[in-house]
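Please walk through the fold shown here, from ring contacts to strands and then to the nonpolar core.

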Amino acid sequence: MTDQGPDLTGLPADPTTAPFWRAAREHRLLVQRCRSCGTHQFYPRPFCLSCFEQDPDWVEASGHATVYSKTTVRIPVIPEMTPPYVVAIVTLDEGPRLTTNLVGDEPEIGDRVSVTWRERADLPPLPVFRLAGDGGRGGPPPSQEGAG
């Protein structure tokens, strides 16, 4: 069994997720996109979940999403996160769902959110989401025409 702890740069020593963490250091949110069928996916895998083609590409996500589900954590779970905090699943405009935290003014289910970054000492930042710049309330996601 290999050690999947951080390498000397603070990045996970996992070649499948390394591109995601390198981009996170630059505050860029990457997802995978299949070279064959065009499906976007997250979390990273060495193959496409839709057509099973190998070696999907990495593409930059828009950073925009819709809150799909959320819950407020009110008990201490890990030392780095002081309760209360909101854990959510957001649907990225590209299609995949991402488990994350909601920060700032608390969005509701269905609200539009945008990525921001939680800095961490000696580790890449984590993508977290806050209400979109327009307040994020009440509008549908942008059209997916031409996306892919």
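Arg 97 places its charged end over the ring of Tyr 68, 3.4 Å from the ring centre. A charge is taken to sit over a ring if NZ of Lys or CZ of Arg is within 6 Å of the ring centre and within 35 degrees of the ring normal. Arg 45 does likewise with Tyr 43, its charged end sitting over that ring at 3.9 Å from the centre. This is a predicted model, in which local features need pLDDT of at least 70, side-chain atom pairs count only at pLDDT 80 or more, and totals for chains, interfaces and linings use all residues. Residues are numbered from 1 along each chain as its sequence is written, and side-chain values use heavy atoms, with hydrogens and water left out.

Rings also meet rings. Two rings of Phe, Tyr or Trp (its six-membered ring) pair if their centres lie within 6.5 Å; planes under 30 degrees apart count as stacked, over 60 as edge-to-face and the rest as tilted. The count by this rule is 3 aromatic pairs. Phe 20 and Trp 21 are edge-to-face, because their ring centres are 4.9 Å apart and their planes stand at 85°. Phe 20 is buried at 5% relative accessibility, and Trp 21 is buried at 17%; buried means under 20% relative accessible area, exposed over 50% and partly exposed in between (1.4 Å probe, protein chains only). Phe 20 also pairs with Phe 42, in a tilted arrangement with 5.2 Å from centre to centre and 55° between the planes. This pair links distant parts of the chain, 22 residues apart: Phe 20 belongs to helix 1 (residues 18–25), while Phe 42 lies in the loop between strand 2 (40–41) and strand 3 (57–60). Helices (H or I, at least four residues) and strands (E, at least two) are DSSP runs numbered from the N terminus.

An open sheet of 3 strands runs in the order 2-1-3 with antiparallel pairing, and its edge strands, strand 2 and strand 3, each pair on one side only. Two strands pair if DSSP finds at least two bridges between them. Strand 1 (residues 30–33) meets strand 2 over 2 bridges, with Gln 32 opposite Gln 41.

Further along, strand 7 (residues 112–120) and strand 8 (residues 123–131) pair in the antiparallel sense over 7 bridges. Arg 120 has Leu 123 in strand 8 as its bridge partner. The hairpin has 2 residues between these strands, and Asp 122 there takes a positive phi near 65°. Asp 111 lies in the loop between strand 6 (97–102) and strand 7 and is buried, with 6% relative accessible area. A polar atom of its side chain lies 2.7 Å from the backbone nitrogen of Glu 108.

What holds the most contacts inside the largest nonpolar core? This core has 18 residues, and those with the most contacts inside it are Leu 29, Ala 65, Val 90, Leu 92, Leu 102, Val 113 and Phe 129. A nonpolar core is a set of buried Ala, Val, Leu, Ile, Met, Phe, Trp, Tyr and Cys residues joined through side-chain atoms within 4.5 Å. Two or more residues come from each of helix 1, strand 4 (64–73), strand 5 (85–92), strand 6 and strand 7. Strand 5 gives the most, with 4 residues.

How values were computed
A polar contact is a pair of N or O atoms within 3.5 Å; within protein, one must be able to donate a hydrogen and the other to accept it, and residues adjacent in sequence count only if both atoms are side-chain atoms.
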